[in-house]
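Me: Please take one part of this model and look at it closely. Keep it brisk.

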Amino acid sequence: MTAKPAAAAARATVYGYPRQGQNRELKKAIEGYWKGRVDADTLRRTAAELRRGTWQQLAEAGVHEVPTGDFSYYDHVLDTSVMVGAVPERHREAVRTDALDGYFAMARGTQDVAPLEMTKWFDTNYHYLVPELGPDAVFTADSAKQVAELKEALALGHTPRPVLVGPVTYLLLAKAAPGVAADFEPLTLLDRLLPVYAEVLADLRAAGAEWVQLDEPALVQDRTPAELNAAARAYRELGGLTDRSKLLVASYFGRLGEALPVLAKSPVEGLALDFTESGAANLADLAAAGGLPGKRLVAGVVNGRNIWINDYEKSLATLGTLLGLADHVDVSASSSLLHVPLDAAAEHDIDPQVARWLAFARQKTQEIVVLARGLSAGTEAIAAELAANRADLASRTDAVITRDPAVRARTAAITDADGRRSQPYAERTLAQRAHLGLPLLPTTTIGSFPQTTELRTARADLRAGRIDEAGYEERIKDEIREVLSFQEKAGIDVLVHGEPERNDMVQYFAEQLTGYLATQHGWVQSYGTRYVRPPVLAGDISRPEPMTVRWTAYAQSLTERPVKGMLTGPVTMLAWSFVRDDQPLGETARQVALALRDEVNDLEANGTSVIQVDEPALRETLPLRADEHAAYLEWATESFRLATSGVRPDTQIHTHMCYAEFGDIVQAIDDLDADVISLEAARSHMQVARELAAHGYPREAGPGVYDIHSPRIPSTEEAAALLRKGLEAIPATRLWVNPDCGLKTRGWPETRTSLENLVAAAGGIRAELPTEAA
Ligand SMILES: CN1c2c(nc(N)[nH]c2=O)NC[C@@H]1CNc1ccc(C(=O)N[C@@H](CCC(=O)N[C@@H](CCC(=O)N[C@@H](CCC(=O)O)C(=O)O)C(=O)O)C(=O)O)cc1
Ligand SMILES: N[C@@H](CCS)C(=O)O
Ligand SMILES: [Zn+2]
């Protein structure tokens with residue numbers, strides 16, 4: 001394989017970079033500001049210093065054009081709302097009084113004013129703040145942040161490329177503002193929004209931007225002809241402006257499909273496309289569309305969302321083909337590097353054999369630079385890097401960790417029967433009723449109780465050697481006793497141990513499974529100042545010993561009431577980790593499912609009659625394109641059943657989901673064959689209960705009656721009103737009473753009162769029910 005030198009040198013670039021700093025300095029500064037410990041000037045200086053460090057790192061690595069404007073104090077979609085003046089009425093006063101505090105009020109709410117809604121950024125684990133728009137929306141341009149960051153980078157001697165959320169994606173991500181008819185389509189505001197983008201583009205040009213990037217990831221989803229027309233109109237209009245920089249329209253997270261010819265024909269100067277596995281079809285589609293004559297193509301060949309080293313030969317082959325399809329080809333990651341941790345070199349505890357397969361943002365940047373050099377100067381110019389890359393890749397294929405014969409033999413022997421309970425739901429529900437003896441409208445919680453500072457300190461003390469394992473265990477047991485005692489006093493029917501021993505629900509299990517690696521510093525922004533350290537599914541997965549049994553059994557030993565075992569399901573274990581890219585996802589899911597199956601069976605053997613297997617990520621992992629849904633849902637539901645079908649008919653399997661709308665996957669939820677499901681529902685006033693009913697969902701369900709994302713305490717009447725709504729959709733014999741999700745982010749005072757009110761509401765409604773309902 002050789003790549004011919006490109007006509008003009010290919011350049012290396014990135015669309016965005018992790019914002020937090022090596023030691024999460026940004027989190028600390030912002031949270032310090034919220035607590036009044038850091039003043040606004042210090043926060044601004046910290047942020048500027050982080051940006052300076054990022055650009056310097058990129059430039060030193062050999063990146064030609066650095067992104068600006070991708071930095072954010074909270075979220076880049078919120079920044080876009082500020083840029084176009086889409087500040088909800090309820091936040092305007094706060095923004096007028098103090099722009100920074102008003103910005104944070106939109107993000108987090110205040111005592112009196114609700115924040116913007118937050119939801120998943122496409123199929124990533126990053127969350128953005130949903131723009132609220134209505135038919136009366138008036139947009140006004142505020143380019144201050146974008147211009148300031150551009151000037152900052154110019155003053156430091158860089159070649160900056162401002163990055164903006166594109167107008168079509170911005171409107172497609174928006175929702176009807178409160179009080180506006182839910183079927184209002186924000187995209188109808190496009191003609192009003194484009195002049196504001198035109199103003200921002202003029203300001204950026206005046207400030208010295210040669211190129212501006214407009215991100216349109218929404219165009220890699222299935223789009224209607226009207227939406228595609230809107231995209232065509234948007235880029236005809238923006239492209240037709242004279243007072244602007246050159247425009248690079250960036251797509252990522254998949255193939256552009258029908259949107260590719262639309263953008264290719266538009267009068268913009270450049271397109272950025274995903275050429276990793278998720279966007280592989282872009283290559284043939286681009287050729288079919290006649291390429292991009294006269295345009296710049298930025299080729300996303302380095303995966304921006306996983307942490308594996310690139311396959312240089314494969315990327316160079318793609319890049320070589322692309323040379324014939326565009327006027328100029330540059331090299332980049334397939335998406336912003338926001339979704340990967342900063343620096344693999346900071347990980348000192350990872351087996352060196354595995355470490356050589358890892359590339360975080362810093363290493364990916366180096367890969368992009370090497371590939372650009374290879375494309376420009378020919379493969380001889382990167383011969384040493386190619387040889388090292390080949391050796392690293394080969395060491396992975398042959399490694400013991402990636403091929404555990406026992407695990408492989410076990411997955412190969414899976415039969416259909418392993419994924420089926422021994423009795424159908426209708427029969428086993430009777431056995432469970434007899435076995436558990438629960439009242440109508442049984443009350444429960446979702447698993448976690450407040451993760452107090454004391455608990456986090458205990459974990460930090462253990463890590464630092466200030467306490468030993470035994471001392472840590474004692475602290476966890478103290479907490480379990482407190483959680484159990486509270487639940488008994490409050491009158492909850494199915495208890496939990498409270499998950500005090502878990503730092504993060506996925507990381508906790510990953511740390512105990514062979515084949516999974518945890519990182520020390522691999523933080524990735526989840527939302528605002530909240531970060532996760534996604535573990536790495538590096539090899540074949542097995543469970544050396546039980547993971548939760550001792551805590552659940554300890555909790556059960558303290559009470560006569562059933563204590564619910566608590567596990568994270570296979571789909572979520574994959575969704576919130578970095579997955580293997582050397583085998584199908586379904587295969588990895590089956591391995592994780594078998595490890596969980598052993599845990600489920602061990603819990604049952606140790607006296608646990610109710611076991612919850614959480615799958616909050618089931619909906620978010622749904623592929624962005626509808627034609628890929630069926631294949632995903634098949635392995636996803638199969639792996640859940642594999643994990644949960646090894647138990648007796650009278651053992652009750654629960655599942656739990658949150659953070660998404662589930663109306664379009666009710667069939668898949670049914671296919672899980674769980675006995676009980678708890679779902680987030682309080683904010684949407686039980687919408688999901690109606691959706692389950694509309695589908696004829698036959699099982700028990702607990703639509704949440706307590707919104708745990710807010711410190712607000714629901715009154716007994718409020719919880720009762722939600723329950724009554726629930727009862728309109730789900731009969732009393734199948735309705736459970738629970739919060740929306742776990743309580744780990746809540747404080748104890750509000751948790752106590754809220755749960756007492758929830759139990760009182762259930763009791764009140766139970767008393768109102770006709771006796772035959774029982
Ligand atoms: C439900 N959600 C989850 C998602 N993904 C997951 N993997 N897990 C989830 O629960 N995706 C969707 C949502 C996202 N929601 C959240 C909610 C809250 C957080 C959050 O609070 N993150 C914390 C970090 C949590 C954690 O791991 N804590 C550790 C402590 C780690 C730490 O900060 N150590 C410090 C030292 C601390 C000390 O000395 O006290 C250090 O190493 O420097 C623990 O509990 O032990 C955050 O701080 O951002 C994230 C996603
Ligand atoms: N059992 C977990 C589910 C979170 S989605 C908890 O309660 O925190
Ligand atoms: Zn949840």
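Reply: Here is a close look at one strand and its neighbours. The model is predicted: local features need pLDDT of at least 70, side-chain atom pairs count only at pLDDT 80 or more, and totals for chains, interfaces and linings use all residues. Residues are numbered from 1 along each chain as its sequence is written, chains are lettered from A and ligands numbered from 1 in the order in which they are written, and side-chain values use heavy atoms, without hydrogens and water.

The strand is β5, residues 160–165. Strands here are DSSP runs of E with at least two residues, and they are numbered from the N terminus. β5 is mostly covered, with six of its six residues buried. Buried means under 20% relative accessible area, found with a 1.4 Å probe and protein chains only.

Now take the two faces. In a regular strand the side chains alternate between the two faces of the sheet. In β5, Pro160, Pro162 and Leu164 point one way. Arg161, Val163 and Val165 point the other way. Each of these is buried, the arginine included.

Next come the partners. Two strands pair if DSSP finds at least two bridges between them. Strand β1, residues 66–68, runs parallel to β5, and three bridges join them. Here threonine 68 has proline 162 of β5 as its bridge partner. Strand β7, residues 211–215, also pairs with β5 in the parallel sense, over three bridges. There, valine 163 stands opposite glutamine 213 of β7.

To put it together: β5 is buried along its six residues, and it pairs with β1 and with β7.

Methods
Buried < 20%, exposed > 50% of the residue type's maximum accessible area, 1.4 Å probe, protein only. Helix = DSSP H or I, 4+ residues; strand = E, 2+ residues; numbered from the N terminus.
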